[in-house]
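Here are some notes to read alongside the model, for anyone opening it for the first time. Keep the sequence and the 3D view side by side as you go.

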Amino acid sequence: MTPTRKVAVIYATEQGSTRDIAEFVAADLADRGAEVHLREVGYAPGLAGFDMVILGSAIHNMDFLPAAVDYIGRNRAELAATDVRLFGVGLGPALRGPVGRRIGRVVPEKIAALRDAVHARDYRLSCLRRGLRASWRIPEGTNALPSHGRWPLR
Ligand SMILES: Cc1cc2nc3c(=O)[nH]c(=O)nc-3n(C[C@H](O)[C@H](O)[C@H](O)COP(=O)(O)O)c2cc1C
């Protein structure tokens, strides 16, 4: 039997989509036997003892939200020493057509720099399948969570 993995799922959100996706990710990991601690970035736990950290942020102006950028800056060394994976939540995956799909896959420079600063093993881009509850929410029918996929539990 594989030992239980202790995972921190940390998120920064403005309108809730990133929290919804973080909840989805956390529930999926817990279903597979992980001990999961889900927290908003302002209440992130100390990282000692965690086997994996999954950190997600809404994307604003081609960057993570300031709270996530600050958190990564303050905890860079600890994060870099951990198995860390990042995800961003933005409109990119909702873009259609050959050009839209290409643009949607580009990792913005500032986010790539954050990913590299903590030696993240993975960066995923997501959007959420739901109605337009707020003007910047992702439109219904966008293929979001399936594109996000499941995180491997190693
Ligand atoms: C001011 C502002 C800037 C945004 N900039 C981007 C962007 O650069 N790239 C992108 O893909 N989405 C961008 N978005 C869309 C958000 O990422 C999208 O609304 C996302 O669902 C927000 O996640 P949240 O619900 O967790 O806050 C922007 C939204 C706002 C309000």
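**Notes on the ligand site and the fold**

1. Let's start at the ligand. Strand β3 gives the largest share of the shell around it, 3 residues. Helices and strands here are DSSP runs (H or I of at least four residues for helices, E of at least two for strands), numbered from the N terminus.

2. Before going further, some ground rules. This is a predicted model, where local features need pLDDT of at least 70 and side-chain atom pairs count only at pLDDT 80 or more, while totals for chains, interfaces and linings use all residues. Residues are numbered from 1 along each chain as its sequence is written, and side-chain values use heavy atoms, with hydrogens and water left out.

3. Back to the shell: 16 residues surround the ligand, and the closest are Thr 13, Gln 15, Thr 18, Ile 59 and Met 62. By type, the shell splits into 6 nonpolar, 9 polar and 1 charged. Here Ala, Val, Leu, Ile, Met, Phe, Trp, Tyr, Cys and Pro count as nonpolar, Asp, Glu, Lys and Arg as charged, and the others, Gly among them, as polar.

4. Have a look at the ligand's oxygen atoms. A polar side-chain atom of Thr 18 sits 2.6 Å from a ligand oxygen. On its own the ligand would expose 640 Å², and the protein buries 84% of that (areas by the Shrake-Rupley method with a 1.4 Å probe; for residues, only the protein chains shown count as cover). The elements giving two or more residues to the shell are α1 (17-31) and β3 (52-60).

5. Now the overall fold. The protein has 6 helices and 6 strands, and along the sequence they run β-α-β-β-β-α-α-β-α-α-β-α. Of its 154 residues, 45% count as buried, meaning under 20% relative accessible area, with exposed being over 50% and partly exposed in between (1.4 Å probe, protein chains only).

6. Which residues of helix α2 are buried? In α2 (residues 66-74) they are Ala 68, Tyr 71 and Ile 72. Seen down the axis of α2, these fall within an arc of 95°, so they line one face of the helix; the arc is taken over the directions from the helix axis to the C-beta atoms. The face turned away carries the exposed residues Pro 66, Gly 73 and Arg 74. The buried residues of α2 pack against β1 (6-12), β3, β4 (63-64), α3 (76-80) and α5 (109-117), with contact meaning heavy atoms within 4.5 Å.

7. Just after α5, His 119 takes a positive phi of about 50°.

8. Arg 124 is buried, with a relative accessible area of 17%.

Notes:
Near = heavy atom within 4 Å. Polar contact = N/O pair within 3.5 Å; in protein donor to acceptor, adjacent residues only side chain to side chain.
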